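Please look through the sequence and the model shown here.

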Amino acid sequence: METAYIATPLGVAKLEGTANGLSAISVLDTEETLTDVIPEALEDAVYQLREYFDGQRENFDLQLNPQGTSFQQGVWEELLNIPFGKTMSYLELSKKLGDVKAIRAVAAANGKNPLWIIVPCHRVIGSDGSLTGYAGGLHRKKWLLAHENPVKQGSLF
């Protein structure tokens, strides 16, 4: 397993993966020494994340290899269908997965998503539009949603 630590506007991100794909990305609340030489298996992910944060990328094209149960994998696959700049409620996500009663299990799987930003769990919100449940912290979720859908202030005159 290769590992790299990179700086992002939201803190240091830890990337893990192999030639078989990216396994995990997490944002840390601790200071880590940034990686000087990015391992070859993680170069594309680092490049695409930098483009995302620079406002030059809306979709990722990476080989993914997250570890989880088949149910979790299904939830994470569905998260990939939420378009850049859009949100979906946990209830809507449960309906798309075919079981409205599974809302709590869907929310739990969403919270265990190991691929921060790449699998956009930050785009899932409460049915009332509230920013609920985000493992990286609600301040990061708010930042990511604003980054993806900045409000354009029009001129009054």
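Leaving aside neighbours within four places in sequence, Cys121 is in contact (heavy atoms within 4.5 Å) with Leu79, Asn110, Asn113 and Tyr134. This is a predicted model, in which local features need pLDDT of at least 70 and side-chain atom pairs count only at pLDDT 80 or more, while totals for chains, interfaces and linings use all residues. Residues are numbered from 1 along each chain as its sequence is written, and side-chain values use heavy atoms, with hydrogens and water left out.

In an unreviewed entry, UniProt places the feature "active site" at Cys121. UniProt positions are given in the numbering used here, feature names are shortened, and annotations may be inferred rather than shown by experiment. Cys121 is located in the loop that runs between helix 4 (103–111) and strand 5 (124–125). Helices (H or I, at least four residues) and strands (E, at least two) are DSSP runs, numbered from the N terminus. Cys121 counts as buried because its relative accessibility is 7%; buried means under 20% relative accessible area, exposed over 50%, and partly exposed in between (1.4 Å probe, protein chains only).

The loop between helix 4 and strand 5 also holds Arg123. With a relative accessible area of 4%, Arg123 is buried. Its side chain makes a polar contact with the side chain of Glu148, at 2.7 Å. A polar contact is a pair of N or O atoms within 3.5 Å; within protein, one must be able to donate a hydrogen and the other to accept it, and residues adjacent in sequence count only if both atoms are side-chain atoms. Not counting residues up to four places away in sequence, Arg123 touches residues including Glu58, Phe84, Met88 and Leu145.

Turning to the sheet, three strands form an open, antiparallel arrangement in the order 1-2-3. Strand 1 (2–8) and strand 3 (21–27) are at the edges with a single partner strand each, so one side of each has no neighbour in the sheet. Neighbouring strands of this sheet are turned by 20° against each other on average, direction ignored. Strand 2 (residues 11–18) pairs with strand 3 over six bridges in the antiparallel sense, where pairing requires that DSSP finds at least two bridges between two strands. Gly17 has Leu22 in strand 3 as its bridge partner.

Helix 1 (residues 43–53) packs on this sheet and touches strand 1, strand 2 and strand 3. The direction of helix 1 makes about 15° with that of strand 1; axes are lines fitted to C-alpha atoms, for helices over the stretch in contact, and angles run from 0 to 180 degrees between N-to-C directions.
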